[in-house]
Amino acid sequence: MPLKIAVPDLISNSYFPAVAAVELGLLAEQGLDSTIELIFPVSKAYAALREGTIDCVAGSAHSALAAFPEWEGAKLLCAQAQGMYWFLVMRSDLNAARGDVGIVKGKKIGAAPWVDLGLKRLLVAAGIDEKGDGVSIVPVPNTGEASTNFGLMAAKALQQGLVDGFWANGMGAAVAVQSGAGQIVLDVRRGDGPRECFNYTMASIAVTDDFLAPRPDDARKIVKAIDATHQALKRNVVLAEKVGRKVFSPNEAKLITGLIERDLPFYSTAISRDFVSGMNSFARGVGILQGDPQYQDVVASHL
């Protein structure tokens, strides 16, 4: 049976290493016949993992808690890239200064379920009172279907004036900037916003304990394939467009190489103890975690 990998957003740089591992044949080189399935939002992807209808989730690490409270029953295998990877993009006519978190006051910001938690906690860390300062963090219009590519829909909503800004992936940010409708205000991965926000989450690969127990060799092969994908893209980033032409529409295929080139410094499969500690603290802060799970409770560290 093929290895079924769920991603919550397909036309994106966020989960590109997983998609590229399939499309470039690097999972196949490890003996794993694999497919990618788009399941939005990420909470539904993790629910599918819990139910056993898919084998892996290539999504945001903290969102595993949507289906596996207190990390019971799931583990992170590896990172797809380091750091929280979403951008705050605001209407270009607002003329916001780069790094000005306060621009969100009194504004409507579109964000996906579970993704929105990163922005909510960032605002707390920046001293902004979401309610008191009139920040409205809402679902992006027309993103209720499972086939949604969220970043592109967020960029479209901004162009149509349905939101004042959005919190989404690099592809959505690039499309909004390209159209002239938006400007990037925060890029946490590259130092904007409170420093602690970097470790709120990351793009990861997660599996269940029920997968790990009988298939530890396959788990190791998945990590090797993601690492091989990182190395292949670092050697020849033009491979990104090759993948993009298979998966994306023409405009996004043209953009993907530049986005991946920018992401290359963050390409590592490692999951550090500092990251797990930071993610746990974030998760407790937003109320999706009660306890203090240890590193081995979160990461498949025995592989």
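**View 1. Strand β5 pairs with strand β9 in the predicted model**. Strands β5 (residues 87-91) and β9 run antiparallel and are joined by five bridges; strands count as paired if DSSP finds at least two bridges between them. F87 has D187 as its bridge partner in β9. Of the six residues of β9 (residues 182-187), five are buried (under 20% relative accessible area, 1.4 Å probe, protein chains only). Strands are DSSP runs of E with at least two residues, and helices are runs of H or I with at least four, numbered from the N terminus.

**View 2. Helix α6 packs on helix α10**. The axes of α6 (residues 170-179) and α10 (residues 250-263) lie 10 Å apart at an angle of about 120 degrees, which makes α6 oblique to α10 (angles under 35 degrees count as roughly parallel, over 145 as roughly antiparallel, 65 to 115 as roughly perpendicular and the rest as oblique). Axes are lines fitted to C-alpha atoms over the stretch in contact, with angles from 0 to 180 degrees between N-to-C directions. G170, M171, A174, V175 and Q178 of α6 meet N251, E252, L255, I256, L259 and R262 of α10 (contact: heavy atoms within 4.5 Å).

**View 3. Helix α4 and its cover**. In α4 (residues 116-125), the buried residues are D116, L117, G118, L119, L122 and L123. Elements covering them include β6 (108-111), β7 (136-138), β8 (165-168), β9 and α11 (273-285). G127, which follows α4, has a positive phi near 80 degrees.

Residues are numbered from 1 along each chain as its sequence is written. Local features need pLDDT of at least 70, side-chain atom pairs count only at pLDDT 80 or more, totals for chains, interfaces and linings use all residues, and side-chain values use heavy atoms, without hydrogens and water.

Note on methods
Buried < 20%, exposed > 50% of the residue type's maximum accessible area, 1.4 Å probe, protein only.
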